[in-house]
Amino acid sequence: MRFIHTADWHAGRPFETIPDEAKRALVRNQRIETIRRIGEKAREQDAGFIVVAGDVFDSNTPDSSTVSALCSAVGEIGLPVIAIPGNHDYGGPGSIYEQAFFQKEAQNLAPNLRIILKPEPVEVNGAVILACPCLFGRSSMEATAWLNSKELTAGLPVNRPRIILAHGSIYDFSAGSEQFSHEDEAGTALSSVIDLDQIPEDLADYIALGDWHGTKQVHEKAWYSGTHEPDRFPRHQNYSSGNVLLVDLIRGGTPTVKPLTVGEFRWTRLSFHFSSDTDIQQLNVKINELTGGQVGKDLMKLLIEGYAGMETIKKVGEFLETLKARFLMLSCENRLRLRPDDHELMRLKERRSDPIISSVAARLVKEMERGDDERTQRISSLALIELYNALIEGEYQ
Amino acid sequence: MKLASAKVKNYRLHRECSVEFDPGLTVIAGPNESGKSTFIEAIHHCLFAPHKKSGQFLEHIKSNIYQGTNPEVEVVIETSQGQCRIEKVFAGPKGHVYLEQHGESFQGERSEERLLELLSVDKPGPKVGIEKLRGYWSHLWVWQGKSGENAASHIEDYNDRLLRALQSVGGAVVVQSELDERISDIFAQRYDEIFTKAGKYKKHSEQAVLEQRLLDARDEYEKALQEVNRLELARQEFMDASERIEECKRQIELLKLEKEKIEKDLQQAERVQKELEKRQGEYDAISKTVHHLDQVDRKIKELKKAIERINGEKERLQRGLSKAKQHLHHQEKEILAIETEKGRIQKRLSVLGNLIRFYDGFITLLQAQEQMDNMQKRGERRREIEEKISAIEKELAEFPEIDKTVLSEIRKAKTNVDKAGATKDAIATGIEIVKADLPVVVGGKRLLAKDEVTVTQLTEIEVGDGVVIAIRPGGGDALQKAIEEEDLWKASLSRLLDRLGIGEFSQAEIMFEKRQALLKKLDRLNSELKGLGGREEDEAISRMEKEIAALDAEVKRRREAVQQFLDSHDRDLFSARHQAEAVKDEEEKLLEKNRDIEDQLKGLRAEQETLQNEIFSIEKELTSLEEKAIKIKAQIETLEGEHGTNEDRRKRLAQERNRFGEISRDIEALNGQLSILDPAHLYERFSNIKNELDETQRALDVSKQIKNKAAGKLEMDGSTDPQAELSRYKARLDSLEQEFEMAKERAEAIKLLHNLFSQEISRLADSYSAPLSQKINTYIKYVIGPEAKVKAVFQQDTFQGIRLSHIAKGVEFDFDSLSGGTREQVSAAVRLAIAELLAPDFGGSLPVIFDDSFTNTDTKRLEGVRTMLSMAVKRGLQVIVLTSNQDDYIGIGAKKIQLPPQRPVLVQQTAGLNQGGPRKEMDHPVSALSGEDEKLFMKRLAERGGHCGNKSLMAYLGWDEERYWSIQKTLVNKGRITTGRGRGGSVEIV
């Protein structure tokens, strides 16, 4: 029994922080494109079906084009795709799965897609899927509660491999400082926590989990596949997303799990410290290492700190503009502070012929160096740079 | 450079006036109209005005007193290179100039150029106006009325020179560069682009635009949030409604079951109820029968009792009837006795009536006879009187008919005769013959001695022969008239007497009296006769006789009827009347008795009738009772016929009562059943459940509606993803916030730059203005005190003015905000300081002229002003002070020059000036319309509270001395204002 475990497609995710509209559209669209790639992998690997552990859509109210695009991509896979709603697209009144448009598009474009909207066992290609869908007004705990009901599970076929399909965070003792593993930026609500210990040990052979966007094994039999296409900047070094899991399974055995990379775009974080004006070359090298000089593939969160002279600051500004053009997104926190070099200082302060300018510049430098208020320093730096630029322009006139 | 001397000729009011100035301090004093200002103006014109200047300028300075002359001014200047003498004659194109310096002399333009070079000023244009002209050296030359102006405004043309001077004394070490200025301007401009004057962001600045976009983005975010919340709410509503629907359905099932059960019980209760009603019907029927039988029994008994009652009543009535009949019989007897008595009284009454009639007739007869006697006596008396009357009438017939009228006519005629005679006698001349030795004939009549005659007309008196005397009595016509009148009246009198047949007037009176006495007697008799009735009396007597006869016959007839009742029969009236009254008394008594009997009879008859009625009614009652008894008997018979006899009825009653007991027991049992079922309670529960069912059904419907509505809300059109929208708006809001923060910082940076540039520029300016400030302070400390500090303000290298700060109070003042006195003192100090600074360029000295420049300064400060001026002189300046109050400058060590008072300017001259058309650039507009000026003077004085110093009013009016004093004098002469004391004098509205 071989299948693919994926989750957290988040179709229709707005990527609101990407300022460029066209790039934003690209990133959004890639989430659909990567679904097609899952299909390719599944066929390559001869998988029997695909399970999606929740959050197929990013919200419960996706727009029509997203619905159509998703159905179309799923339809192209050609294999059965079994999905449950997650905390983003939970089932219930008003959910996307109840909308007439979705139902029509799913029927027309993706007859292989089956969304399970009730906690129940479902048989697919010889496997039994114990679905724990997220539903409106119910916690994840409640979603899995039925697994403890002997009445409900008693009649399950004995020899078929069983897969629990669930969505939610779990207690994660391996993560050290973090009590939960959860990817939602808003933090973890108790309502979306699953307690794996509450699930009868031998009930299932594999637990396919969704919600955590990085690929992660949390139990002998329990895995988060992570999202198929990266959608955020990693917080940990061992965070890996953009994968699906190829699972081999027999009833009563231990699952064999193999991550396959399907993701397209890179999401990277980088911190860089300036200690001298020559460090700008270092920055260039570091970024090239990360991107391989590719264009239109990267989203980066960059933090620049340290001190530099006016010319360097100007160059850094220009460099960042270039990166902005090349990347799908550059989110840069520029904490680089001005420390004019001797030459610059001379140019500003030592102006015997222009007594006013030199005394203004001297006062600004003093203000900037005073260091009791960050904002005042910033403003003084800005003023100094403005003055510097005005002088350069003025002197050429 | 100093002014050494000046000579002015034919210049306005000056014929000729020359002054030699002290190299230090000169005080030119003079009363107000002495022409000090004119004199100093002439010097200024000599130095700066083009000598060929004509037009209004020339008209203005020409003398109107010394007609046909041209103004001439000569000024000698002391320079470091020696003296320089300038002579100008102002005569328009014919004017000329002469300059002498170092033994060289120049004329015309050449000398003008030379002079201006010396004075270091630009050449004025040919059309330079008077005001512009006055601007030359105005930093040194304080014109009258201008002492309070900002000295900086007079330095414009000398600013560069002043700056150079300041630099030379070490003021400005550095000067801002062109680049400084350019960069500063750039940031000033950029600041202006961003900020308003109030320090807010300008409308279209980047910051304001961003701020607005931020607000809009926040709105959009809020809206998106609302949309998402709305969906969330709808979802919750949907779920709640679904739950309610399930709950309602469950309840409806339960209620329906309960309802069925109650319906079954109700059916059972209805059956019992019907059975009960049937039994109740039977029960009612039996009880009706029993009741009926009881009633019949009771009725028969009642009827029998009634018959007994009727019989008793009948007996009682019979007894009453016989009693009434006895009573009636007794009554009838009594009535008969009374009626007999009544007949007897009637008979006697008839006799009495006849007697009364007899006496009436008899009395009448007696009365008529008595009347007859009287009448006969009166007839005899009448005949007696008639005889007397005829005797008197006979006597009267013999008398003439002299009555009162005739007598008065006679008397009148007599009186008139006497009157006329007397008149005639009075007029006529009396002649008395005293002695007649010769015959005297008067009027033809011989008179003897002792004779007297009266002559009434022209009468001739003959005495003897040959003596005729004509006497003409006086009176003229009157005498004649009197004579004629006398004759007339005498004729009338004798006519009257003749008619009566009386000889003399005296007899007429006697006759009249006698006749009157007879007439009176006749009247008396006639009136008595009238009282006796006259002749018709006789007819009455004969009528009476006939009447008496008739009465007598009647009396005889009546007597026959009563003869037997008459005792006596007196013929006298008195006794007849007495008897008649006795009869009438008796009649009256009998009539009363008769009435009593009538009354008694009436009462008895009424009683009789009542008894008869009583008897009748008793008999009727008896008959009716009889009938009643018969009817009741018939009823009893009918009832017994219908319901059987007493025995039958008892049997039937017993049967019915038996059945009654059975039914009562049945009813009790049924009632027991009913009370267990309690249908009332069942009905109540039934209706409650029905209501509850309805209500639950309604709640179900409502919930379904809510659910449908919520479902509708949840149906998405798929055009957008509200959640994604919300995220996007949030992101945009965040990024705009960040952008705005950055833009604010950029704006702050520009603001910082702008402020720093302004501060540095002003600091630099302060540094080179310091020597000027210090210089000013060395002067002003004498006036205001050491705690006041003046700061010269420069902007863009230009002297803008000063600010005065009070160190102790820590306050600063603008020049314009200072008081008038302080302004003129500070302004003087500034001028002295500037003059001192500029002096090195002019051989170390410059003259400073103050024309009445301290008019607002009080006595205390004036001391300081004096010290300040002395200090200026010590520092090498030449100071010339013009004042109308030379006492102000006592003890100052000045050369004092007194200008003699001059005659004020006449008006004609200025009137001529105005003919040329509208005045332009007239600094001294001496108005021809002095009436207008007077009005203006009064108006301004009133504005100043009606009381004002001459100097300050003059300044307020903006007039020169001539104009002011001429109008002031005029108004004083007219008595509209009075002068008062004070420095420079004062005026007050009368």
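Start with chain B and its contacts (heavy atoms within 4.5 Å): among those with a separation of 6 or more, 72% are between residues 24 or more positions apart. The model is predicted, so local features need pLDDT of at least 70 and side-chain atom pairs count only at pLDDT 80 or more, while totals for chains, interfaces and linings use all residues; side-chain values use heavy atoms, with hydrogens and water left out. Residues are numbered from 1 along each chain as its sequence is written, and chains are lettered from A and ligands numbered from 1 in the order in which they are written.

**Chain B as a whole**

Colour chain B by secondary structure. It has 21 helices and 23 strands; helices (H or I, at least four residues) and strands (E, at least two) are DSSP runs, numbered from the N terminus. Of its 990 residues, 41% count as buried. Buried means under 20% relative accessible area, exposed over 50%, and partly exposed in between (1.4 Å probe, protein chains only).

**Helix 7 of chain B**

Select residues 206-397 of chain B, which make up helix 7. Within helix 7, find B:R250 and B:E247, three residues apart, about one turn of the helix. They form a salt bridge with the closest N and O atoms 2.9 Å apart; the term stands for a side-chain nitrogen of Lys or Arg within 4 Å of a carboxyl oxygen of Asp or Glu. B:R250 is partly exposed at 47% relative accessibility, and B:E247 is partly exposed at 34%.

Move along helix 7 to B:E386, which is partly exposed with a relative accessible area of 24%.

Next select B:D852 and B:K951, whose side chains meet in a salt bridge of 2.3 Å, N to O. B:D852 lies in the loop between strand 18 (847-851) and helix 17 (859-874), and B:K951 lies in helix 20, so the pair ties together parts 99 residues apart in sequence. Are these two residues buried or exposed? B:D852 is buried, at 7% relative accessible area, and B:K951 is buried too, at 10%.

Go to helix 19, residues 930-943. Here B:K935 and B:E932 are three residues apart, about one helical turn, and their side chains meet in a salt bridge of 3.9 Å. B:K935 is exposed, at 56%, whereas B:E932 is partly exposed, at 44%.

**Aromatic rings and charges**

Over all chains there are 25 aromatic pairs. Rings of Phe, Tyr and Trp (its six-membered ring) pair if their centres lie within 6.5 Å; planes under 30 degrees apart count as stacked, over 60 as edge-to-face and the rest as tilted. Select B:F937 and B:W959, a tilted pair with 6.3 Å between centres and 45 degrees between planes. B:F937 is in helix 19, and B:W959 is 22 residues away in the loop between helix 20 (950-957) and helix 21 (961-973). B:F937 is buried at 0% relative accessibility, and B:W959 is buried at 6%.

Then show B:F48, B:Y136, B:W137 and B:F842, which form one aromatic cluster. Two further places have a charge over a ring (NZ of Lys or CZ of Arg within 6 Å of the ring centre and within 35 degrees of the ring normal). The charged end of B:R134 is over the ring of B:W143, 3.9 Å from its centre. B:K751 lies over the face of B:F195, 5.3 Å from the ring centre.

**Chain A**

Switch to chain A, which has ten helices and 19 strands. Of its 397 residues, 55% count as buried. Colour it by pLDDT, the predictor's confidence in each residue, from 0 to 100. The mean for chain A is 88, and 94% of its residues reach 70 or more. Residues 173-182 fall below 50, and this stretch has 23 contacts beyond near neighbours in sequence. Residues 184-188 are also below 50, with nine such contacts. Where pLDDT is low, the predicted coordinates should not be read in detail.

**Where the chains meet**

Finally, show both chains. Here 45 residues of chain B are in contact with 41 residues of chain A. The two chains bury about 3600 Å² between them, 63% of it on carbon and sulfur atoms; buried area is the accessible area (1.4 Å probe) that two parts lose on being put together, summed over both. How many salt bridges are there between chain B and chain A? The count is five. One of the salt bridges joins A:R375 and B:E745, at 3.9 Å, N to O.
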